[in-house]
Each structure stands twice: as structure tokens, then as C-alpha cells.
Amino acid sequence: MTSIIILIFVIGYLSITLEHPLKLDKTVPALIMASLIWAVLAIGFTSGWFDVINTEEQAFNFLSGGEHAMEGFEGTLLHHLGKTAEILIFLIGAMTIVEIIDLHRGFEVLKSAVHTKSKRKLLWIIGILAFLLSAIIDNLTATIVLITLLRKLIHKREDRIWYASLVVIAANAGGAWSPIGDVTTTMLWIAKKLTAGGLIEFVVLPSIVCFAIPFLIASYLPAFRGNIDVDVNEDKAEEALLSSKTMLFLGLGMIISVPVFKTLTHLPPYMGMMLALGVVWLVSEYIHPEEDFSKERRHLYSAHKALSRIEISSILFFLGILMAVAGLESLVYGVVNGEEVGTLRYVAEVLQNAIPNQDIVILLLGVLSAIIDNVPLVAASIGMYDMPIDSVLWHFIAYSAGTGGSMLIIGSAAGVAAMGMERIDFIWYLKKISWLAFIGFISGAGVFLLFERVLFHHA
């Protein structure tokens, strides 16, 4: 039965990884995988074939506990569902705020930041915007916003795909040092593996290096020499709308306030995000673009419209993959130091024996995240390692999983979005951009290890 659960996970994982060749939305295998793993887990547990790890990380079995053991099993399932729901509610809140900003054309304001025709200067302006914006509204959304902006500024697709590809690197680097910048950092933050202050303090400098070095090298490539026809004066009527500026700054400000809310109240992050969404929703009920303040058109700018635009399939994918990983985490697989441990913890011990240096394991995780979705990788690592909050391990996982995906166009949500929006060819990206992303990733990792392992010797 244990082998069946692992086989279900492997087949499901492969189906998620091969999403594009199979032309199958990765949400489908994620949901089926999670349901089947917990179904087999329940059948095996009630039959006495294997034990389960409960919420106190102690193993228990059905034969010795009877009905009480089944209550414990259901409690374990509810515990993992609750932890998963914390992440999902947080993401729904953040995604809705971003959609409300977009409905009010808030991101149009960013276009006024571009006042150059120099390809090199434009590269740095777009890169810095991507790096900073992704730390606030997440790397995927920042990529979509900036590629939309690039479409209005650069009409030649041959030029635009270079910028779009570099935006992926900047957005992933920017998302890695913020607890709200990437799904994986949000997961680590909500799981209490790191604090917002600790993540920013130790990961921001490696992330800057990971972003800056590829951009510095790219500045001297032929693609970014000379000038470009940039339409800086187009759509002037839209750029100064008061409602757009109000909703942009309010929305970004409320998202930034979430870590502050958690620090002050010690409540889970999703409570702060609920408050942020409530405030933005309230203001959006009364502020609309000046020329469209009619009752007939008010629904076009409402939060209800924003809710209809968020990607529920992504939310369901996270539900499936996180619950599947939780099932593996709950299955007792072996004994370590005389104590029964779950599958993921056992894998961590095997890896530790095979590769004694944890830093190399985490670097490999970063490289793997370019091939395999980084969400299940990080979800698995949370169950694998039992390290204190804000340990070097968690910070390095946040950096590696967040930035490693830039090495392939399909290695991150930001890359997949850019690929879809600009029809960027996989092989073109591999030849032209992957080496830049790899240099940035390794340089940032080197800076991280220099500070953490050599200069300050943190645990």
C-alpha cells in the first residue's frame, strides 16, 4: 500500500511536469493525486497496514486506537486542510486586490515612469520595476503587468521578447526576498519557517545580485544597443486619472501592510490579507474612473468583477498539490534514530547521508525548480527538514526555489506567463537567456553562502 501511494504521487508529479506536452491543465492531476493519496491512506490505515503521523508529529495506528484513532486520522486531515486553506485564502485576497487595481487601470500609471528611447536605459527601468513590483504583487502578476506595458512601448516583437525574457529573471529575483513576492516564500512564511524581517534581511542582497548581474551583462549585448521607438506620449488621457493612482497606491500599500499587521497582532497572514482586501474593496465601491462614474458602468470596476477574473484553477492546483504532499508527510515510512517518521522526513535523512552538505542539496533544488514546479518542491522541503525558524536552510530554500526557475522559460509561473503572452520559443530562451539566468542564480547563491556560512556563521 505504501508503494501505491508513492506511485500515485510520482505519476501525478510527472503529469504536472509534462503539462505542456500532454496539453493537460496541471490542476487536474493535482486534484486527482491528492484525493487518491488520502483515499489509499484512509483504507490502509483502517486496515492496519500502516501508521500515520498525527498533528503532534507522533505515529499512531488504527488497530490500537479503534474509533479514537479514526478521529485522530480525520483530525490530521483537517489539520493539513487548515494549513493549506491559510495559503489559499491569502492568495485569493492578494489576487483580488491586484485585479481591482487593474480594473481601475492603476498599472497604467507605471507607463509614466518611462521617459527614454535608449534600449539600455529602458532595460534597467523595466528591470527595476519588475524587481520591486514582484516583491509586492508577486512575480507572476508583475510579469503580466510589465509585458502588457512593454506591448504599449515597443511594437517590434523581436525587440520585445528580449525585454520580456529579462523581466522573468528580475521578477523571480524580486519575489524571492519578499514573503508576499512568490507562492513559495508565502508558504514558508505561513508555515512559520521564516519571518518577514529575517527573509528580507538575509535574502534581499543575494536577490539583488541575481537580478543585477544578468542585466549588467545584457546591457552590453547587441540586442540592447542603440535607440528604440518608444511611444511615451500615447494615451495621455489615461495616464493621469486620479482614481487610477489612488487604487494603485492604496492596493500596493494594503498588500505591504500585511506583514506589518502580522508583526503587530501575531495573527496569521491571511487575517491581514482579509483586512487589506476589505479596505480596498470598500474604497473601490466609491471610486471609479471619472468619465465612467455612471450607475450603468459601475459594475465594470467592482470587486465582483475582480473576483470573476482571478484564476481559480491556480488556487485549486495549490489545494491539490499541497494536500498530496501533506498525505506523503503523514504516511509513516521508516525509522530514524528509533523514531517513526513520515515519507518526506525519511527522504531528507537519505539525502543527508548521500550528500552530507545541505547547501549542495538546496542548490540542486534550485536547479530542479527550473524543470519541476517549485511549489511541490518547497512543500516537500517543509515536511523534510525540522529546522528552527529563520535558519539558514529556510532562507536558502526561499532564494533557490524562487530564482532557480528562471533558467528555463517553463521553470516558473512568470516564465510560463511570458511564454504564453509573447510566444517565446523554448529553444530560443535556452540559447539566449538561460546562461544569463544561471550566472545570476550562482552569483546570488555565492553571495548568500559567503555571508551566511563564511562571514557570520549562522545556524
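Me: Which residues is Phe 224 in contact with, leaving aside its neighbours within four places in sequence?

Reply: This is a predicted model, in which local features need pLDDT of at least 70, side-chain atom pairs count only at pLDDT 80 or more, and totals for chains, interfaces and linings use all residues. Residues are numbered from 1 along each chain as its sequence is written, and side-chain values use heavy atoms, with hydrogens and water left out. Contact means heavy atoms within 4.5 Å. With those neighbours set aside, the partners of Phe 224 are Lys 119, Arg 120, Leu 123, Trp 162, Tyr 163, Leu 166, Ala 218 and Ser 219.

Me: Is Ala 170 buried or exposed?

Reply: Ala 170 lies in helix H8. Beyond residues up to four places away in sequence, Ala 170 touches Gly 127, Ala 130, Phe 131, Ser 134, Phe 211 and Phe 215. Its relative accessible area is 0%, so Ala 170 is buried.

Me: Are H7 and H8 roughly parallel or antiparallel to each other?

Reply: Helices (H or I, at least four residues) and strands (E, at least two) are DSSP runs, numbered from the N terminus. Axes are lines fitted to C-alpha atoms, for helices over the stretch in contact, and angles run from 0 to 180 degrees between N-to-C directions; under 35 degrees counts as roughly parallel, over 145 as roughly antiparallel, 65 to 115 as roughly perpendicular and the rest as oblique. The axes of H7 (residues 139–153) and H8 (residues 157–176) come within 9 Å and cross at roughly 155 degrees. H7 and H8 are therefore roughly antiparallel.

Me: How many charged residues does the contact of H7 with H8 have?

Reply: H7 brings Asn 139, Thr 143, Leu 146, Ile 147, Leu 150 and Arg 151, and H8 brings Arg 160, Tyr 163, Ala 164, Val 167, Ala 171 and Asn 172. Ala, Val, Leu, Ile, Met, Phe, Trp, Tyr, Cys and Pro count as nonpolar, Asp, Glu, Lys and Arg as charged, and the others, Gly among them, as polar. Sorted by class, the contact has 7 nonpolar residues, 3 polar, and the number of charged residues is 2.

Me: How many nonpolar residues are in the contact of H8 with H20?

Reply: The axes of H8 and H20 (residues 413–422) come within 9 Å and cross at roughly 165 degrees, so the two are roughly antiparallel. In H8, Arg 157, Arg 160, Ile 161, Ala 164, Val 168 and Asn 172 meet Ala 414, Gly 415, Ala 418 and Glu 422 in H20. By class there are 3 charged residues and 2 polar, while the nonpolar ones number 5.

Me: How far apart are the axes of H18 and H19?

Reply: Two packed helices are described by the angle between their axes and the distance between the axes. For H18 (residues 374–384) and H19 (residues 392–404), the angle is about 170 degrees and the axes are apart by 11 Å.

Terms used: Buried means under 20% relative accessible area, exposed over 50%, partly exposed in between (1.4 Å probe, protein chains only).
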